[in-house]
Amino acid sequence: MREHFEIRDADGAARIGRLSVPRAGRTIETPALMPVINPNRLTIEPARLETEFDVDILITNSYIIHQTDRIRQQALDDGLHDLLDFDGAIMTDSGSFQLAEYGDIDVTTEEIIRFQHDIGSDIATPVDIPTPPDVSRERAEDELVVTEQALADAEGCEVGEMLLNAPVQGSTYPDLRERAGRHAAATDLDLFPIGAVVPLMNNYRYDDLVDAVAAAKRGLDADCPVHLFGAGHPMMLALAVALGCDLFDSAAYALYARAGRYLTVSGTQQLDDLDYFPCSCPICSERTPADLRAEDDDTRERLLAEHNLHVTFEELRRIKQAIRSGTLFELIERRARGHPAMYDGYRALLDHADQLEADDPVSKGAFFYASAESARRPEVRRHHQRLDRLETPETLLLTEGGAPTDSAYDEVWRVRAPFGPFPRALADSYPLTATLPDRPDRAGQCAAADGVRSLAAANPGTTITLAVDDWHDDALARIPDRIETESLAAVQERETDGAAGDHDANQ
Ligand SMILES: [Zn+2]
């Protein structure tokens, strides 16, 4: 049990949590985004981040401070919070990135953690090896051994109240990511950054990102706060939160601004290409793109960085509200429509529906069927599993239409795409209260057919008749032979005749 992290609300594997950072005397609400501060180049001053953007945690690089004479002594004398003029919590990186870039750095884990402690960091990082994607398995395994040793070295450090990161590596090998997660969770360390995923994001490989994160999460415990290291583009935050990531860091807001790039929730735009701003943040509501282009380089970069942060924090608030309302999947569906790479990422997420389902609350606010992918949501999976536990009579009619008044069957159940069959008593319980389109698509009908098949398999003694209209051949092909299918119209007609016949007989 990790006492410094408490989970308050959940939706799928996503959660709203509270991370206690004792050395800073702060409790951070997660999901949280930490702006990355380059101590040598403050695009937006940390004090302004705190007052104008409500930033209560940021991240900076202790190795840069260690290697820069001008600021190292000041950091040691006055402390990091004074150096950056920031009162919130500060996480520090260790130089692992520089190690990966340049092949060598001149500090050990013990030395750099001691340094992070001495300059007053609130959350410190050992020198792990950020193994990039697609390397040989041998290299990924060898480097993971070094990372595991760095975690052990960090565990041996005296750090007082300072929290420690336990990075999870393993490149693009899901089993190594899972092993790394399990190893990290078994240490006494406090936070769990999933590392070396930036190349995946830079190349828009969101499906591979999802697989790497899902694997790491399988190894980690549910109460481990997880940091998706290097992730801060607003486009992908909802997807990452849905996988169970709690912390993000954004260097993107500043780096993209320097390159004249404007962040949105559905991708990145070049300022040069914009005639109108699709945003109402303080920067965009007072200027046109032409106004911004006319500014001098430094001002334009700062203003663009401010917009980039505003749009990122706005998305984070939207995500938290969606978790609270139980509508995060609806938000991800909208994001998946914004960019083909996000569509890939969403479909990869649904490949892990069973894993997400394990943490999903049984009842949520709403289920909007908004695309064929909705048919693969964890709630549909759960309903199919629940069918095993329902009692069925000897003869059962499953009907897509209104229930016949005087039935020849012991019971009449509804069948609706994508859920499939359910007794009328469950109609008012989540997720069967879903808002569904009037024109079910093939994927929804196929999912409903899978539900019918599950019910039939669990109840071999029940004679089942299925009454549906206009189902796609692919859906009908999934119905077992022993189930009789009829058209809805035929059943309704027979029932009407039957009722009329009874009426006659009573006269
Ligand atoms: Zn804006």
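How many bridges join β1 to strand β2? Keep that in mind as you open the model, which is predicted.

Stop 1: Select residues 14-21, strand β2. Six bridges join β1 to β2, and the two run antiparallel. Pick Glu6 and look across to β2: its bridge partner there is Arg18. The three strands form an open sheet in the order β1-β2-β3, with antiparallel pairing. β1 (5-11) and β3 (26-30) are the edge strands, each pairing on one side only. From one strand to the next, the twist averages 15°.

**Stop 2: helix α10.** Select residues 206-219. At 1.5 Å a residue, these 14 residues should span 20 Å; the end C-alpha atoms are 20 Å apart, so the two agree. Is this helix enclosed or open? Of its 14 residues, 12 are buried, so α10 is largely enclosed by the rest of the structure. Show side chains to see the buried set, which includes Tyr206, Asp208, Asp211 and Lys217.

**Stop 3: the five-stranded sheet.** Select β14 to β18. This open sheet runs in the order β16-β15-β14-β17-β18, and its pairing is mixed. Zoom in on β15 (residues 411-416): three bridges join β15 to β16, running antiparallel. Val415 has its β16 bridge partner in Pro421.

Technical notes. Residues are numbered from 1 along each chain as its sequence is written. This is a predicted model: local features need pLDDT of at least 70, side-chain atom pairs count only at pLDDT 80 or more; totals for chains, interfaces and linings use all residues. Two strands pair if DSSP finds at least two bridges between them. Helices (H or I, at least four residues) and strands (E, at least two) are DSSP runs, numbered from the N terminus. The expected span of a helix is 1.5 Å times one less than its number of residues. A residue is buried if 20 or more other C-beta atoms lie within 10 Å of its own, exposed if 12 or fewer, and partly exposed in between; C-beta atoms are placed from the backbone. Axes are lines fitted to C-alpha atoms, for helices over the stretch in contact, and angles run from 0 to 180 degrees between N-to-C directions.
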